[in-house]
Amino acid sequence: MTEVETRSEPQGQISLVDLLDRLLGTGVVLAGDVVISLAGVDLVGVRLHALITSVRAEMRADGRDR
Amino acid sequence: MAEHGQYLYAVARGVEPAALSAARGLHDQPLRVLEHRGLDAVLSTVDLDEFGEEGLHRNLEDLTWLEAVARGHDAVVQAVAQSGAVAPMRLATIFTSDDGVRGRLDELYEALTAALDRVEGRHEWSVKVYAPERAAEPSAAPTTAPGSGADYLRRKKAQTLEKQTAEDDALRIADTVHDTLAAQCVASRRLRPQDPRLTGHEGTMTLNGAYLVDDHLAGSFTEVATRLAEENPQSRVEVQGPWPPYSFATLEQP
């Protein structure tokens with residue numbers, strides 16, 4: 001089975017993961033006046049944290065409903 | 001009273017105000033262009049409670065914030081790219097004054113000019129290769145008739161070998177795709193394969209390639225990518241673009 005996905009929208013909508021790969025990793029490294037290391041941003045951790053937070057929020061919402 | 005900073009989205013050349021008129025900065029702030037020695041710094045004002053060191057530490061852990069800022073940043077970069085060569089900055093490149101921006105442009109003038117020269121008239125394309133989810137489903141996995149211990153060991157060994165071969169195949173395909181495409185373009189990079197927990201994709205990503213392609217050669221680049229996909233039906237090949245040259249406007253030679 002050959003699967004080729006070619007997406008070439010004129011606006012080039014980029015998925016969030018692809019965007020963060022680039023904006024946190026490979027973009028021009030030109031230190032601003034506010035210096036912060038982006039290398040320390042753990043996306044998997046951020047993602048899991050966001051999932052847990054939203055699940056908790058849903059559980060709280062469910063709790064109120066009953 | 002909150003202090004303000006300047007968020008730098010990109011450094012470009014020949015930014016036309018018309019191209020930026022439709023775009024807005026983060027939090028709907030107006031964009032402005034600070035011109036210095038022929039370089040255009042595209043900026044908007046941000047609150048340092050949010051974008052100062054402390055705020056950033058907190059906010060970078062927040063996916064909703066991260067997504068909004070990344071999307072906002074990208075929208076501005078895409079708008080600037082309409083005018084011509086663009087060197088996108090990393091997320092959250094913040095200055096406290098215009099003098100700070102000018103100073104950095106002076107300091108990195110040569111490197112920024114070289115980066116803009118490198119990406120002019122070119123765009124980034126992304127090509128990813130995924131190995132199938134279970135590359136090595138053992139061909140014979142008899143669950144009945146346990147057989148002797150020796151049989152078991154033989155079977156186990158054969159399965160391990162098969163799995164190894166499938167993995168080797170997948171990596172070889174990734175290398176072939178990358179090498180072939182790299183020969184078609186100006187510059188290429190292999191980014192770290194993405195974690196399936198972030199992308200939700202199936203199978204192991206064996207190639208997360210970025211390619212800087214001349215705009216007039218984009219057609220033949222995607223043709224080659226399509227041919228590579230057809231020649232390697234074991235793997236899934238995904239081609240995306242054209243994007244602003246995020247991976248290639250780096251200040252050192254990629």
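**Group meeting talk: salt bridges and overall form in a two-chain model**

Okay, let's start with a pair of side chains: B:Asp195 and B:Arg197 meet in a salt bridge, 3.0 Å from N to O. By salt bridge I mean a side-chain nitrogen of Lys or Arg within 4 Å of a carboxyl oxygen of Asp or Glu. B:Asp195 itself is partly exposed, with a relative accessible area of 21%. The cut-offs there: buried is under 20% relative accessible area, exposed is over 50%, and partly exposed is in between, with a 1.4 Å probe and protein chains only.

Quick housekeeping. This is a predicted model, where local features need pLDDT of at least 70 and side-chain atom pairs count only at pLDDT 80 or more, while totals for chains, interfaces and linings use all residues. Residues are numbered from 1 along each chain as its sequence is written, chains are lettered from A and ligands numbered from 1 in the order in which they are written, and side-chain values use heavy atoms, with hydrogens and water left out.

Helices here are DSSP runs of H or I with at least four residues, strands are runs of E with at least two, and both are numbered from the N terminus. Both partners are partly exposed: B:Asp106 has a relative accessible area of 35%, and B:Arg37 has 46%.

Staying in helix H5 of chain B, B:Glu107 and B:Arg104 lie three residues apart, about one turn of the helix. Their side chains also form a salt bridge, 3.8 Å from N to O. Which of the two is buried, and which is exposed? B:Glu107 counts as exposed at 60% relative accessibility, whereas B:Arg104 counts as buried at 17%.

Now the bit that involves both chains. A:Asp18, A:Arg22, B:Glu124, B:Lys128, B:Arg236 and B:Glu238 are linked in a network of salt bridges.

A word on each chain, then. Chain A has two helices and one strand, and along the sequence the pattern reads β-α-α. Of the 66 residues of chain A, 35% count as buried.

Chain B has nine helices and nine strands, and 48% of its 254 residues count as buried.

Last stop, B:Arg192. You'll find B:Arg192 in the loop between strand E7 (187–191) and helix H8 (196–199) of chain B, and it counts as exposed at 74% relative accessibility. B:Arg71 is 121 residues away along the chain, and the C-alpha atoms of B:Arg192 and B:Arg71 are separated by 21 Å.

That's my tour, thanks everyone.
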